[in-house]
Amino acid sequence: MKTNAVEEKNIATAKEMQKIISKNAQILEQDLRESQEEGETIEMRNKRELLPPFDATTEKVDEIYKLYDIIPKEELDLIDLNVHLALYKKPKQLAMHKDWYQTYVLKRIVRLIKDVGVESKAFTKKLPALLLLNYMLKLYKFPNTISKTEEQIAETYAIPSNIVSFLLKNFTELTLGHQKDVKFTKNRRKIDKLICYILILMLICSPNFTLDVKEVQEALKIDHKKLTVYLREIGCRDVVELTRKKKKEEEEEEKGEDKKKEGEGVVAPEGEKKEDEGKIGSRAALVTLVAPLRFTKLQKKVKQYY
């Protein structure tokens, strides 16, 4: 009888221990889940600080980033397109005013004129985005501390005054100098944001949302490794790698169909790690925006290159 009582007591104790262990495991699992959700929330908040409004779930690439989410339509409409259109109709005049444009933008304007014509609606529709890109590239090349006033910037660099205000408000910090003179400063965070906006505008201005990595690198005078980080973070992938992956999937699908015809079951391997689709490597020549967006962590990766 005494032995049975001891055994029953041990069994009861074991059950209590199992309950405690199970409860602790549930608490740990809940804490981990909340920690992951909090991390994802912080990461998404970082994204929204650095990127314009975006649709991360859409399957249509042209709906991910929109021009009027970068800058309000009423602000962009204030750019006098007629001044620029008049130049494009007279090549000699354009040559005389080529210092108005960054090389990257001027090449695209000339190419677009050849493709669709300066009088076309397609050209007029694309021009505002190209001009905004031009102004952003100018700001990017300014020194990190800008001593000029808004009026001086507009006059010196041929940028409309309302666009100057928009650029300084979104991509610089207002600071006071030693003699209480106003200065505009581009800190690391603002530079990251400016680069992301520039790359997104480049995508909007490019056919099929595809960029030549070398041309972008030359425009931004930026290290290739660092550039690929930015490109991935806005949602770009390597065209060659994407094509290779698609071909591989088609081949595997074809093999699967052959096995089914032979009466064999096709079983996917368990625990197989999903391949990073279109990873941008050191030899990437062309990158393209892919829907839906897949993000990685920007801040830690970008900051290590400064």
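Which strand do two bridges join to strand β1 (residues 145–146)? The first view below gives the answer.

This is a predicted model, where local features need pLDDT of at least 70, side-chain atom pairs count only at pLDDT 80 or more, and totals for chains, interfaces and linings use all residues. Residues are numbered from 1 along each chain as its sequence is written, and side-chain values use heavy atoms, leaving out hydrogens and water.

**View 1. Strand β3 pairs with β1 and with β2.** Strand β1 is joined by two bridges to β3 (residues 182–185), and the two run antiparallel. Thr-145 has Thr-185 of β3 as its bridge partner. Strand β2 (residues 173–176) also pairs with β3 in the antiparallel sense, over four bridges. Here Thr-175 stands opposite Lys-183. Strands count as paired if DSSP finds at least two bridges between them. Strands (E, at least two residues) and helices (H or I, at least four) are DSSP runs, numbered from the N terminus.

**View 2. Three strands form an open sheet in the order β4-β6-β5.** The pairing is antiparallel. Strands β4 (210–212) and β5 (236–238) are the edges, each pairing on one side only. Neighbouring strands are turned by 30 degrees against each other on average, direction ignored. Three bridges join β4 to β6 (residues 286–289). Asp-212 stands opposite Leu-286 in β6.

**View 3. Helix α10 (residues 188–204) packs on this sheet.** It touches β4, β5 and β6; contact means heavy atoms within 4.5 Å. The direction of α10 makes about 110 degrees with that of β4. Axes are lines fitted to C-alpha atoms, for helices over the stretch in contact, and angles run from 0 to 180 degrees between N-to-C directions.

**View 4. Helix α11 (residues 213–220) has four named buried residues: Val-213, Val-216, Ala-219 and Leu-220.** Buried means under 20% relative accessible area, with a 1.4 Å probe and protein chains only. Down the axis of α11, these residues fall within an arc of 125 degrees, so they line one face of the helix. The arc is that of the directions from the helix axis to the C-beta atoms. Their cover includes α6 (103–116), α7 (121–141), α10, β4, α12 (224–233) and β6.

**View 5. Asp-212 caps the N-terminal end of α11.** A side-chain oxygen of Asp-212 lies 2.9 Å from the backbone nitrogen of Lys-214. Just after α11, Lys-221 takes a positive phi of about 50 degrees.

Conventions: Buried < 20%, exposed > 50% of the residue type's maximum accessible area, 1.4 Å probe, protein only. Polar contact = N/O pair within 3.5 Å; in protein donor to acceptor, adjacent residues only side chain to side chain.
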